[in-house]
Amino acid sequence: MEGDQLIRVGVVGFGVIGKATAKAVTKIKDMELVAIFSKRDPAKLQNSMAKVYSTKDVADFVGKIDVMICCDSFGTGLQDVAPMVAKYFHTVDSHPLRGDPPTPEEVEAEKQLRLEELQRLAKDLAERNARRDAEAGLEPIEKSADTNQNQPVEETTEVYGMTLPAFVKEPVFQPVYLPFEKYFEKLDAAARDAKHVSLCAIGWEPGFMSLIRTVSEGFFPKSKLWTFWGRGISMQWSNAAKAFDGVLDAAVYQVPKEEPLMAVLNNEPVWDDSRKALHHLDVYIVAEDRVDHDQLRERILNMPGWFKDYDTHVTFVGPDEMREFHSRRTHAGLVISRGSTSQGINEQIKMEVDMDDNAEFTAYVLASAARAAFRGGEHGWAGAFTMMEVPMAWFNPGSAAALRQRISHS
């Protein structure tokens, strides 16, 4: 990057992370926010930071934007959007590293079984109504509120275009998406073909804390690593809950369990270091009435690679309660690495993050990654990379010479 040249940035997705990222870019001196893109109606999203365009129009900005920061989640189309955008620009995204999703074929087979069950229920209901009308001496064509007002009428609902008993709700299924490895391959292929740099899984976790763990393991080959999150609202876990059909809003708290946390802090032994032993998750959901809430709870609790691995509690709340009690996105993270360099000689690395606003913290990490992606392009890089694979100096606005001088004077 030469002189006062600004990195021209676009933001794709204008939800919580997208808005925070757009705001962050406008405050960074070596960047210019050129445009925002959304799958929603741009006319309803105009703001003071930059004009909003349809995501379908990103190709029109080739030559006008250097780096696109993709702020969708896997539940809102990130896995399709980012590889598409990588054909035209360098990209940055915050795709989670976890998840063990079912295949589309598995979910489709389950949907077919449930559809057949609903069809049987609809048929049984129709037959019961026919018998009721016959017993009342009515022809099917004569059914009305006037002619049948003395007959008990079973309450019904409409599901998938079928008339069903009122207790039946729309079924819920596991969301379908690519595992991270498959997504990475897809993104890498698109970026390599276009000779662009795509930085993925960027954020504080995964991302910054992943980097600390990687460095710690490199320093101390026989080290023991501990990671604790919270207590606070996780953006990626909340997005995982929002990926379920019928979920209007979600807030997921990561909560470290006190006994193992205090044991690690006091350098005492921890006999069970499984995910379930170290943390629990408190999940708050605003859901549509049309879906089966009991089934939705079970689906969330059993989401493979996510909630299934933890002690998880799901609570359904209304939108007002969500806004009042679960809208502040504070969070925290702690990485401790302990290693022995010689007999009786023990070393420790400790890194702690405290956030007043998880989304804003993540946004600034994403914005700094846009700088790193741009510099990667200047150095001839192409393909997809995680934060662990990129020189840390590229995230800093200073030149390599300036950073060397700063270190020598520190």
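Gln254 is buried, at a relative accessible area of 6%, where buried stands for under 20% relative accessible area, exposed for over 50%, and partly exposed for what lies in between, with a 1.4 Å probe and protein chains only. The structure is a predicted model, in which local features need pLDDT of at least 70 and side-chain atom pairs count only at pLDDT 80 or more, while totals for chains, interfaces and linings use all residues. Residues are numbered from 1 along each chain as its sequence is written, and side-chain values rest on heavy atoms, with hydrogens and water left out.

The chain has 410 residues, of which 48% count as buried, and its C-alpha trace spans about 100 × 60 × 40 Å along the principal axes. Its secondary structure comes to twelve helices and 16 strands, these being DSSP runs numbered from the N terminus (helices: H or I, at least four residues; strands: E, at least two). Gln254 belongs to strand β11, residues 247-256. A contrasting case is Asp320, which is found in helix α10, residues 319-325, and is exposed, with a relative accessible area of 55%. Between the C-alpha atoms of Asp320 and Val176, which are 144 residues apart along the chain, the separation is 30 Å.

Strand pairing was examined next. Strands of a sheet pair through backbone hydrogen bonds, either parallel or antiparallel; here two strands are taken to pair if DSSP finds at least two bridges between them. An open sheet is formed by three strands in the order β9-β14-β15, with antiparallel pairing. Its edge strands, each of which pairs on one side only, are β9 (224-229) and β15 (345-355). On average, neighbouring strands of this sheet are turned by 10° against each other, direction ignored, with axes that are lines fitted to C-alpha atoms (for helices over the stretch in contact) and angles that run from 0 to 180 degrees between N-to-C directions. Strand β14, residues 331-342, pairs with β15 in the antiparallel sense over eleven bridges, and Val335 stands opposite Met351 in β15.

A further antiparallel pair consists of strand β6 (residues 156-159) and strand β7 (residues 162-165), which are joined by four bridges. Glu158 stands opposite Thr163 in β7. The hairpin of β6 and β7 has two residues between the strands, and in this hairpin Tyr160 takes a positive phi near 55°.

The cysteines were considered for bonding. A disulfide is a covalent bond between the sulfur atoms of two cysteines, and is assigned here to a pair of cysteine sulfur atoms within 2.5 Å. A search of the whole structure finds zero disulfides. For Cys70, which is in no disulfide, the nearest cysteine sulfur is that of Cys71, 7.4 Å away. The sulfur of Cys200 is too far for a bond, because the closest cysteine sulfur, in Cys70, is 11 Å away. Cys70 counts as buried at 1% relative accessibility, and Cys200 is buried with a relative accessible area of 0%. Cys70 lies 24 Å from Gln254, C-alpha to C-alpha, and 184 residues from Gln254 in sequence.

Finally, the structure holds one cavity of 30 Å³ or more. A cavity is a set of points, on a 1 Å grid over the protein atoms alone, where a 1.4 Å probe fits but cannot get out, and lining residues have an atom within 4 Å of a point. The largest cavity contains about 30 Å³ of space. Its lining is made up of Leu97, Ala201, Pro206, Gly207, Ser210, Thr386, Met387 and Met388.

Note on methods
On a 1 Å grid over the protein atoms alone, a cavity is a set of points where a 1.4 Å probe fits but cannot get out, and a pocket is an open set with protein on both sides within 12 Å along at least five of seven lines; lining residues have an atom within 4 Å of a point. Grid points are joined across faces, edges and corners, and a volume is the space filled by probe spheres set on the points.
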